[in-house]
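Please look through the sequence and the model below before reading on. The report that follows describes what can be computed from the atoms.

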Amino acid sequence: RVLFEAVSELLERKPLSQATYDRMIKQFGLDLTIDIVSIAGLYSMVATVLNAFDVPPSNGVNPF
């Protein structure tokens, strides 16, 4: 739950609130918190690039 709420907040709100940051540090520690934020940022960047260039799925089938 902490992970989902933190990543949702990060991607929707951008800055992570101090309360959420503190919960992540308590739950995961600093190293894993850094990994989580980095992975969320990478996913966001890849999704933005794919959306910007309207890249189709690799098999050509739209799953939605």
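## Basis of the model

The model is predicted, so local features need pLDDT of at least 70 and side-chain atom pairs count only at pLDDT 80 or more, while totals for chains, interfaces and linings use all residues. Residues are numbered from 1 along each chain as its sequence is written, and side-chain values use heavy atoms, with hydrogens and water left out.

## The chain as a whole

The chain has two helices and zero strands. Here helices (H or I, at least four residues) and strands (E, at least two) are DSSP runs, numbered from the N terminus. The radius of gyration is 15 Å, well over the 11 Å that the globule rule gives for 64 residues, so the chain is more spread out than a compact globule. This radius is taken over C-alpha atoms, and the globule rule is 2.2 Å times the number of residues to the power 0.38. The C-alpha trace spans about 45 × 20 × 20 Å along its principal axes.

Of the 64 residues in the chain, 17% are buried. Buried means under 20% relative accessible area, exposed means over 50%, and partly exposed lies in between (1.4 Å probe, protein chains only). Accessible areas come from the Shrake-Rupley method with a 1.4 Å probe; for residues, only the protein chains shown count as cover.

## Charges and salt bridges

The chain has 5 positive and 7 negative charges, and their mean positions are 8 Å apart. Lys and Arg count as positive and Asp and Glu as negative, while His and the chain ends are not counted. The place of a charge is taken as NZ of Lys, CZ of Arg, CG of Asp or CD of Glu. Side chains of opposite charge can pair when their charged atoms come close. A salt bridge is a side-chain nitrogen of Lys or Arg within 4 Å of a carboxyl oxygen of Asp or Glu. By this rule there are three salt bridges.

Glu-9 and Arg-13 form one of them, at 3.4 Å from N to O. These two residues are four residues apart in helix α1, so about one helical turn separates them. Glu-9 is buried, with a relative accessible area of 16%, whereas Arg-13 is partly exposed at 47%. Elsewhere, salt bridges that share partners join Arg-1, Glu-5 and Arg-23 into one network.

Arg-1 is exposed at 78% relative accessible area, and Glu-5 is partly exposed at 27%. The side chain of Glu-5 also meets that of Arg-23 in a salt bridge of 2.5 Å, N to O. Because Arg-23 lies in helix α2 and Glu-5 in helix α1 (residues 2-13), this pair ties together parts that are 18 residues apart in sequence. Arg-23 is partly exposed, with a relative accessible area of 35%.

## A nonpolar patch

Which residues form a nonpolar patch on the surface? They are Leu-42, Met-45, Val-46, Val-49, Leu-50, Phe-53 and Val-55, with about 640 Å² of accessible area together. Patches are made of residues with over 30% relative accessible area and no salt bridge; like charges are joined within 9 Å, and nonpolar side chains (Val, Leu, Ile, Met, Phe, Trp, Tyr) within 5 Å.

Met-45 is in helix α2 (residues 18-52) and is partly exposed at 44% relative accessibility. Val-55 is in the segment after α2, and its relative accessibility of 41% makes it partly exposed. The C-alpha atoms of Val-55 and Leu-16 are separated by 30 Å, the two residues being 39 residues apart along the chain.

## Two aspartates

Asp-54 is found in the segment after α2. Its phi is positive, about 50°, although Asp-54 is not a glycine. Asp-54 is exposed, at 65% relative accessibility.

Asp-31 lies in helix α2. Is Asp-31 buried or exposed? At 60% relative accessibility, Asp-31 counts as exposed. Asp-31 and Asn-59 are 28 residues apart along the chain, and their C-alpha atoms are separated by 36 Å.
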